[in-house]
Each structure stands twice: as C-alpha cells, then as structure tokens.
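Hi,

Here is the structure I promised to pass on. Have a look, and my notes follow below.

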Amino acid sequence: MDERLIEVAFPLKQTSLDSVHEKNVRHGHISTLHIWPARRPLAACRAALIATLLPDPGNTEERKELLERLGGRVKTIVRKKRLPGGRIEEQVTEETEGGILHWGRESSEDLNWFREKIRAAYGGRAPKVLDPFAGGGAIPLEAMRLGCEVTAVDINPVAWFILKCTLEYPQRLANQHRPLPAFACESYEFMESYFKAKGFKDAALRVQFESLGLNGHQQSSSQPQLPAIQTHVASVEADLAWHVRAWGWWVLQKAKADLARFYPTVDGKPTVAYLWARTVTCKNCRATVPLLKTRWLCKKENKRVVLNMKPNADKTSMIFGVQVNVPPGKGSAAVRREYDKQIGSGTMSRSGITCPSCGTIMMMEDIRLEGQAGRLGTVMTAVVVDGEHGKEYRLPIADEILMATEAENELSKVFTEIPFGLPEEPLPSKEALGFRVPLYGFDRWYKLFTPRQLVALGTFVKYTRAVREVMQKEGYSQEWVEGVSAYLGLAADRLADYSSAVCSWHNSGEKLRNTFGRFALPIVWDFTEVEPCSETSGGYLGAIEWIGRYINHALSFAQKTCEPHMVQNSAIQVSLGFFDVILTDPPYYDAIPYSDLMDFFYVWLRRSLFGLSSTIDDVFREPLSPKWDKEHSDGELIDDSSRFDGDKVKSKAVYEDGMFRAFQACHKSLTSDGRLVIVFAHKHPDAWETLVSAIIRAGFVVDGSWPIQTEMGNRTRALSSAALSSSVWLVCKKRPATARPGWDNQVLLEMQSKITQRLHDFWDAGIRGPDFVWAATGPALEAYSEHPVVKKSNEPGKVLSVSEFLRHVRRMVVDFVVGRVLSHNGGTDAVSGLDDVTTYYLLHRYDFGMESAPIGPCILYAVSCNLSDAALISRFDLLARTGGQITMEEEAVEGNAEEGELEEEGTSSTVKLKQWYQRKNPSMGYETLVGPPAPLIDQVHRLMHLWKAGDVTKVDDYLYTKGLGHNALFHQLLQALIELAPAGSEERAMLESISNHVAARGVMPAYRLGLME
C-alpha cells in the first residue's frame, strides 16, 4: 500500500470540532461506563484510524471527496442570546454538517461504506489493529466499530476489565436475547421503564401490563381507552442491556432492605446528600473546630443559602443554622464578591485555620500532625433534600446523626461475607504523584470512606456477588452470568466514585462532585455523602442506567464486528503477531499516576469479581495493581520519583528507556508496510523531542503530525498541568533496513524543500496558532528520521540531534507565520533579520491578542524563537502571569470555595502580553555596553513612551540614533502593530501618529502591507 491518507491530508477542523463537542455527550458514550483518565474522544480515534487504514487516493478531487465523507463540512452558526440587561448578543459558533465523526452519526450508512473500503484496501480481510496502551478503550472500540480485528493491551487490571466490558461482552452476547427474570416481570416499576423504552404509552402501555397480569398499578390517563384499537403484546425476550438493568434492580432492592434504617426519610422529602466537615481540636481552647472552606450551601443568582455557625454556650463546639434567601450585596462586581466572601467565609484561609471560639490560628502543619495521630473527626453540618420547588437545605436531626454513627457497628458483619474483607490495602506514599490524603493520616483505602459509606458499598458488593448464584438457578449460561456480573461490578465501582469522603458539594450547581472530579486525590475538608439507594445523582440506580445505555450503544454495531482480544500485560512485552496498524495513546511522563489512582477501584473490583472466572481471579490476584518491577525492569510507565526513592533523574530515565523499549516492541509487531500512530499531549517541547527521538531510534520514520483539539478549555488540568488542549497525533512508518546515515546540510535542505509547499497547504486549510507549528513538524521530521543518524558535516564525529533539527524546523515555521503578519506572501525574506523577541511578540499578538493565553502554546512559541517563557516574563518584561494554577497545598485550604474565580497572581499557567504602557523599565529600547541590540518591539514601545511624553525632539533623536527611519523591518512592524491594535484604541491612534510623523520627516514611507491573505 502506498501513502496513507493521514500522511497527506486530514479533516483536522472537523475532527477537532466534533471531538470537543463529544465532551458534552453522555447518553451511551464510553465515558459513562467507568472512569478512566484521559480517554481520547471517539471522533478523533475514528478519524485517525480511517485515515491511517485507507490509502491516499492520489488526486485532489477524490481526496477532497473522501475527507468530506469522513469529516463533513464546517458551517457557521449565529445564535442570538438575550443578556441580563436586555441587550441581544450574537454568538458565532462552528459546527460540522455530514460526515461520520459527530456523535450520533457513527451509525450512518457512510460508516458501512468506510468498513467496505477498509476491507477492500486489505484484500477483503479485516485489518489487524493493536493498541498497547489501551486504557479506557476508545481506540480499540473505534477499531472494532470499523470492522478491524482488535487487540487491546494494558498492564492495569482495571483497564483490562474495562476493556472486557467495552469490547468483549457486547460482541460475545450481541444478537442474544432471553426472557427477563420473573422478579422483573412481576415489578410494575421495572416493567414500566422497559415498556416505555419500547415506545409504549397510555392505552398501549396498559395492554402490556395486562398481558403480564399487572393490573393493580394502573395510572389514570387523560385519554379514554379505545377497545377497537389492536395493540401487539411486546416480548419480554430482552438483550444484555436489559438483563443488566434487571439484575441491577434486584441488587438495589436487596440493598435497600438492608440499608433503609441507616438513611431515614424526614417529612417525606427524599434525601439528596449529607454535608459533612472534618474537625480538629483547637490547640488553645480545646474546642471542636469544623474545617470549612466556605459556608455557602447554595450560591446562585436567584437562590442563596448559607450555613450559619456560632460557638455553643461553653464554647466547646459549634451550633449550626441554615439561612435561606441571603440578600445579595450592592455596588460593583468586586464589592459584591467581597461581600459574599465575608458572608460565607469558612474557618480555613491561606493564613491558617481560625478557631471560632477563641480566635487562635492553627497552621496546616498542625492539621497534618493531628491527622497523622488519628485525631481528625467529622461533624454533619447540613442535609440536602428534594423539596417541592427544588433542593432544600436543613439541619440534620438527631436520628440522622445517630444512624451515621451506628453504621460502624455493622462493618465487621458486612465485610465478613466479602472476600478479602475491609479494604485495608495501603495507599501510595505522600510523595506519590497527585496524592495528598496520606499527609493527613489517610494511609489505607478504607479510610477514604465514612463507616456508613463502607457499610453501603459492602452491602452492594455482597449482593453483586450473590447475583451469579441466583442467575445460575434461573438457567442462565456461564457466559451470561459472567457478562451481567461484570457490569454489576462496574456499577459498584461507579457508586464508590460517588460515595467516598473525597466527594464535595458544588454550591453553584447544587450537585455532587465525584471523587475523581480530576485525576488526583487531594484532601477534601467539607465533604458530601450521597444516599446510595436514592434516585438522585450519584445513586446506584443511575449507575446501572448509564451502564445500560452504553451497552445499548455497543450492541447496535457489535454483531458486525470481529472478536476482540484483551491482554493484561506490559507494552514492553507485546509480542502477539503482526499488525497492520498500531495506534496508541501512551502515558506522558508525570501527567497522571494511573495505577495509584485506579487502585481506588481495584480494591472494590477485586472483592466484587472474585470467583467469577479463573482468568479474572488471576488478573486480580495481587492486593494492588502492578507498579514498576525493578527486578525485571518492567511495569507501568510513568515518571514518578516516589517509586525510585525520590530520585527524579532515575525516574525520568527509567520512563524514557521504557518508552523506547515499548516503541521497539511496536516495531517488531508491525507489518513491513504498517503504520504506527502515537498520540502525545504534553506542552513541554523537550519532553516531546525525547519521545520522538526514542521513536526514531526504535526504527521509525516520522512523516506526519496532526494537532487535534480534544479538550474543553475549562478542564482543570488544562489550566494547571503539562497537558495540551490539542493532542498531537504522530504518524510513523518503518525505516528500511538499508537506510544510510545522512548529513545535516543535505537533510536541512531536503526538509526546506519538502515543507515549503506543506506550509502553504496548511495555512490555506485554515490551520493557525500552535497547531500550525505542530502540523508542520511531522512532515519536516521525515527528512531527518529516514536516516538512522544524521551527522554534522562540519563537525566530524558529532551528530545532529532531534532537538537541534526541530529548532531549525520551528524557526522556519514561525518565520512563515510572521511573514504572513508582515506581508502577503509568508516568505522568510520578510522577516530576515528580525530579532527573536519581536518574532515572539508578533506570534503571540497575532494568535492571542492582549488576552490571557495558556502557557503551553506560549512555551512552544518561545522555544521556536530560541527563548524561554521564564526569560520573556522576567528578563524581557514582555509577559505577565495571569494565574489559573493553584498548588496542592493551597487547594487543600481553599479548593473551589468561590466557583469560577481566578487569582490575580498565578504561577503562570496562563500569561498575557504586557501593554506598552506597562513596560516601564528605564533601559527598555536601549542597548547596554556589552549586550545585544535592543529588540525592535522594545524600540517601538520606547518610541511610544517618548511620544506620550510629548517631546518631539526626543522622538526624533531616538529615531535618528537607532536609524529606524531607514530600517525596512521597523516600518513593516509599525504597520503590522497598527493593524493588530483594536480600531479606535489609544494604542492604534498613537502608532498611526508615529507612523505619520516618520513619513512626514521624509526618511522612508510606511508601506501599508496586508496583515494576511
């Protein structure tokens, strides 16, 4: 097979739009089956697989038609939105039309067409696809949907089990139906949901109930029964999804009976959640101090509820109250925010924990010591219930507090019946990535739950295990027993995610925030406990329904697929035959501590599943999931120095060597004309370069890279980590064994000739910003990576590294972009001689204006200009930090106390350009005796300061001294800045005045050049 479509073209914008849209999708989506960190969007996986599996048509017309059939067309949507003041605002968005990437279009006839095209490309057989870091299963799922023979490998047992539930059970039990169990058919409540899902209502629905003898629960209907209408009786032969719902319902009824007394209902209003605070004893007055970040229970524009608090008579503890209809503050937005902060302030702040009884301030170190000594307590502060007009807040009654305490007496009884007993397995150390709970004494997994939560989870695990015996008595085959029990195990996991003492209350959304709102385990001081048997968010019933919806989706195409293969093994050890395509999303350095986090679920799955099958028992044989095995130099690949006694250098080296060995294993497993596609989403170019170097050393040629927008901008990690909102999909092929070493001068010339036209193509395709740099990187790397090594022609014995080569590439790319800013053609002649700082300024200003920008793209631009973000902030005074990142220690104190607010000073997870008038360094625009010439942008900003001061003589002196009147780049820069400045702004007016002044002096006219085509 010749060039693949992905090596020539890709529906980048459509894939990005549909990938970001997919983050809002829930109904039937893989993300609702079970949590797994950093799953890639299905749209991106589907597009990448199809474009990799299919050959490029070889001509523009057919290629365009193929891309449109895959991604559809982009259309602009203008929606009008009425603002609070009555003003109408137009909101412009882009959406896709047609194609098979948007959620809901994956079942169209076009997908069948692609399936046939893919088979035809491989001589009528199903191509073999491998994912050695399969994780949550997005890539294997899409490969299976496309009719490929899929092998999914992951070292983590939780991932392996999710893969079985994602791929294996739907495929194995597709097209199989059997009668619903008798208890389901006898339940009016359950059968009502079943018949309504089949589309029955009113009179037709009553016919179905009558067919089952369920006449006693008939509900009145506004429509009279029409005896002349004949309604067929629906079959109770149901698929896998409905049997999972039925047995989930059985588990729920059993658990309800056991747990009802622990969750009393007050005044007939169903409990939504119990709100708790951890407590500490004041080191001065010995009063019990509740640890509260905020006292706001609900903070909406039209609903404001706050928890009141005052010391009791002897000042030993707090008396709580609930205040509804809290009046809003008056004045400016800043004044109102400060008012709300005062009204709802808790006991915790950055200065420490203040005792409400005596005013003593305790430090976080005091709290840590108390926690490690086991002296942190808890107090129930409020209860959230479902009222007639929405959620209501009240104080807990004595019985509710008593039953929460009484649950501790049931622990031994419940867990005696469960294999391995109470989850006493150890948590990772406090040095582990993302873990802060061990700092406060939470060193065993069971300590992350209240006694009542443990009783509830133990009860659900007990009945999940009991299902298999009852199913066997009902005549189910072992295949069905295993499949249904597996999904019930996932439901227990989902319940655990919403039933830990790390869950919190979202006071602006009035909803529960689950344990893994982000992929870390920070301490949560004021936590939330859900009622697990309720029908509200976070309950068991909801978990079963979400899982059932995914199974429905998977069954809709599973019958057309090949049998998938799941392997629990290290990616380093992959040796499973030869594959046509290997597409994978490997772990990125220290981004996510997968196994440490997923042990939260491992300990529960191990208890739920034990004895279900010998294979499952073998995979879950150890108390915790595999980490790094030093003896065999194999295991989970992440950069976590806590696994190497704090040695960061050793940890990084082991990770990088492990990734190299994994890429070597991929090389051995790939057919001679196969393709390897690797997803990478790390913002630091040096990390990216290290992995690219490993890919090349493993024997691959990199010949494509596509930056797909896969993340919503408001996700937590995008603000505070090394994650990129665009994930870069690298395309690689095997390097011929006969490839010879190259020479740097020839390789660089070849790169320039190859990439020049591609840059124009990418620009014309609408690719902009950092994505433009990433898109150009892959094609440029082909010239370098087609050689096993590239030698330096003028330095015998030395080689051109990937980093050095990419510096040339990036500079060429950014010069092209800046050339577009300064002139029409985008040639590098326009920027010949332009200094690095000014080049960076134009790149940043063109992409982000004067607004805050995420640090990732800024680092990429800085590196491309031979600079660093730190130098641009401090040395050059060009960038200002604008916040967004918060340290783990600060989060432990403040968390999300005030939803949506950002700090004024951050740790540079977002930055923005300083305005010219904010750059007040007296030396700006002047050379030092030994330093380089002042950046041209500094000279322009110095001119603006002089112009603002009103001394034309000093302006002319500066122009003359710097020779700016005869500097063509100065005039081009001046004109570009005029066009970049907002119309009507003071900046634009001043720049135009300076330009006119220079032109009037007759030294050199300012040519008006277009900003872009």
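In helix H23, Val747, Glu750, Met751, Lys754, Ile755, Arg758, Leu759, Phe762 and Trp763 meet a set of residues in H24, namely Phe772, Ala775, Ala776, Pro779, Ala780, Glu782, Ala783 and Tyr784. Contact here means heavy atoms within 4.5 Å, and helices are DSSP runs of H or I, at least four residues, while strands are runs of E, at least two, numbered from the N terminus. By class, that contact has 13 nonpolar, no polar and four charged residues (nonpolar is Ala, Val, Leu, Ile, Met, Phe, Trp, Tyr, Cys and Pro; charged is Asp, Glu, Lys and Arg; the others, Gly among them, are polar).

This is a predicted model: local features need pLDDT of at least 70, side-chain atom pairs count only at pLDDT 80 or more, and totals for chains, interfaces and linings use all residues. Numbering runs from 1 along each chain as its sequence is written, and side-chain values use heavy atoms, with hydrogens and water left out.

Leaving aside neighbours within four places in sequence, Phe805 is in contact with Val747, Leu748 and Met751, and also with Ala780, Leu781, Tyr784 and Leu800.

Then there's Thr279, which lies in strand S7 (residues 271–281). Thr279 counts as buried because its relative accessibility is 8% (buried is under 20% relative accessible area, exposed over 50%, partly exposed in between, with a 1.4 Å probe and protein chains only). Not counting residues up to four places away in sequence, Thr279 touches Thr288, Val289, Pro290, Leu291, Arg375, Leu376, Gly377, Thr378 and Val379.

Cheers
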